[in-house]
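Reader: I have a structure to learn to read. Please take me through it in questions and answers.

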Amino acid sequence: MGRVIRSYEEGDEITTLVKELTQEAINLFEGSAGNTGPSQFTDEHAAKEVLGTEGTVASGRMSLTFAIEMMRRHFGADVFNHTGTVDLRFLRPVRPGDTITFTGKVSGSTKEANGARVSVDIEAKNQRGDTTGVGQGTAIVPNAFLPPED
Amino acid sequence: MAEVDNRTQLDWDALEVGETFEKFEYVLTQEMIDTYRKGVMDPEAGFPTIAHKVDVRQYNAKYTDDGSVNARCAFHCYNSPVAGKRLTVTAWIADKYLRRGKNYIVTEAVSVDEDGRLIDRVITHELKQPSEVGKKWGG
C-alpha cells in the first residue's frame with residue numbers, strides 16, 4: 001500500500017453526524033457508570049426540582065461524546081483516540097425526541113513535532129435549527145502515514 | 001436507618017482553586033463499555049469514561065450544593081481504556097468564576113490505568129445555580 005499524505009485546508013467541512021436522542025439512550029448513558037438513582041437526566045420530577053424544566057434533559061456529556069465521534073470518524077481512531085480533543089459549550093438543552101446534527105469545519109492547523117494540529121469548529125443544532133452547542137476540536141495528524149491493511 | 005450525610009455545604013467564596021480530592025479507583029467492566037456504546041449509539045466509542053463523570057465525583061462526595069448544570073466540557077483523548085483494568089482518577093478544582101451574577105466551578109480530572117497508561121483528561125465548567133437555566137430554557 002502506498003504512502004498517503006493528508007492535508008487539511010481551512011474551510012474544509014468534515015462529515016456531519018446526526019443523532020436521535022431517546023430517553024432510553026439517556027438512561028443507558030447514565031446507567032453505564034452505575035448511576036441508577038433519579039436525576040435531571042432520567043426523572044421528570046428530579047428535572048423539575050433541580051432545573052425547573054418540564055421534562056428530562058440529556059447530559060451535555062452526551063453531546064460531547066457525539067462531537068468526539070464525529071471527529072474520530074473523520075480523522076480515524078488511530079489518530080483521534082490518541083491525540084484528539086473536543087471542547088464544547090452547551091447553549092440549549094437537548095431533550096428526548098430531539099434530533100441533533102453535528103457539523104465541523106476546519107479552522108486552521110499548526111505545526112507540531114510529529115505532524116500538524118488540525119483545528120475544527122464544531123456546531124450542534126437541533127431539528128428546529130437552534131444551536132445547542134458550539135466548540136472546537138483538534139487532532140494531531142501525522143505528516144504521512146500508512147493506513148492499515150484491509 | 002438512614003445514612004448520615006457528612007458532606008460539607010458548598011461555600012463558593014471559600015472554595016479553594018487547586019483543592020485536590022482523594023483519588024478515586026474503579027474497575028472498568030465490559031458491561032460498562034457495552035451499555036455506554038448502546039446509549040451513544042456508537043459501537044466503536046472508545047471513551048466510556050466520559051459517562052462516569054469522574055471529574056465531579058469526588059467533589060460530589062465531599063460537598064453538597066443545589067445541583068449543577070454542565071455549561072462547558074473539554075475532553076482530551078490519550079488512550080482508550082481497556083475492560084478489566086483498574087482506573088485511578090485524580091481530580092481537582094481547576095478554577096472558579098463569576099459570570100453574569102452566576103457562580104461556576106471548573107473541575108479537572110486525569111485517569112490512568114493500572115499499567116500506567118494515561119487514558120484521558122476532562123475539564124468541566126459547572127453552573128452552580130441550576131434553576132437559573134430552567135428559567136432561561138423556558139421550562
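Reader: In the hairpin of strand 6 of chain B and strand 7 of chain B, which residue takes a positive phi near 90°?
Author: This is a predicted model, in which local features need pLDDT of at least 70, side-chain atom pairs count only at pLDDT 80 or more, and totals for chains, interfaces and linings use all residues. Residues are numbered from 1 along each chain as its sequence is written, while chains are lettered from A and ligands numbered from 1 in the order in which they are written. Helices (H or I, at least four residues) and strands (E, at least two) are DSSP runs numbered from the N terminus. Four residues lie between strand 6 and strand 7 of chain B, and the one with the positive phi near 90° is B:G116.

Reader: How many bridges join strand 6 of chain B to strand 7 of chain B?
Author: Two strands pair if DSSP finds at least two bridges between them. In strand 7 of chain B, B:T124 is the bridge partner of B:T107, and B:L127 stands opposite B:Y104. Strand 7 covers residues 118-127 of chain B and runs antiparallel to strand 6; the bridges between them number nine.

Reader: Over how many bridges do strand 5 of chain B and strand 6 of chain B pair?
Author: These strands form a hairpin with two residues between them, and B:R100 in the turn has a positive phi of about 50°. B:Y97 has B:Y104 in strand 6 of chain B as its bridge partner. Strand 5 (residues 86-99) and strand 6 (residues 102-113) of chain B pair in the antiparallel sense, and the number of bridges is 12.

Reader: Which are the edge strands of the open sheet of 10 strands?
Author: The order of the sheet is 1(A)-3(A)-4(A)-5(A)-2(A)-4(B)-7(B)-6(B)-5(B)-2(B), with antiparallel pairing. An edge strand here pairs on one side only. The two are strand 1 (13-20) of chain A and strand 2 (24-27) of chain B.

Reader: At about what angle does helix 3 of chain B run to strand 6 of chain B?
Author: Axes are lines fitted to C-alpha atoms, for helices over the stretch in contact, and angles run from 0 to 180 degrees between N-to-C directions. Helix 3 (residues 54-62) of chain B lies across strand 2, strand 5, strand 6 and strand 7 of chain B. Its angle to strand 6 of chain B is about 115°.

Reader: Where do strands of chain A and chain B join, and by how many bridges?
Author: Strand 2 (residues 85-90) of chain A runs antiparallel to strand 4 of chain B. A:R89 stands opposite B:R72 there.

Reader: Which element gives the largest share of the side of chain B that touches chain A?
Author: Residues are in contact if their C-beta atoms, placed from the backbone, lie within 7 Å, and 37 residues of chain B are in contact with 34 residues of chain A. The elements giving two or more residues to this side of chain B are helix 1 (30-39), helix 2 (49-52), strand 4 (69-77) and helix 4 (131-137). The largest share is nine residues, from strand 4 of chain B.

Reader: What percentage of the residues of chain B count as buried?
Author: A residue is buried if 20 or more other C-beta atoms, placed from the backbone, lie within 10 Å of its own. Chain B has four helices and seven strands. Of its 139 residues, the buried share is 33%.

Terms used
Contact = placed C-beta atoms within 7 Å. Buried ≥ 20, exposed ≤ 12 C-beta atoms within 10 Å, placed from the backbone.
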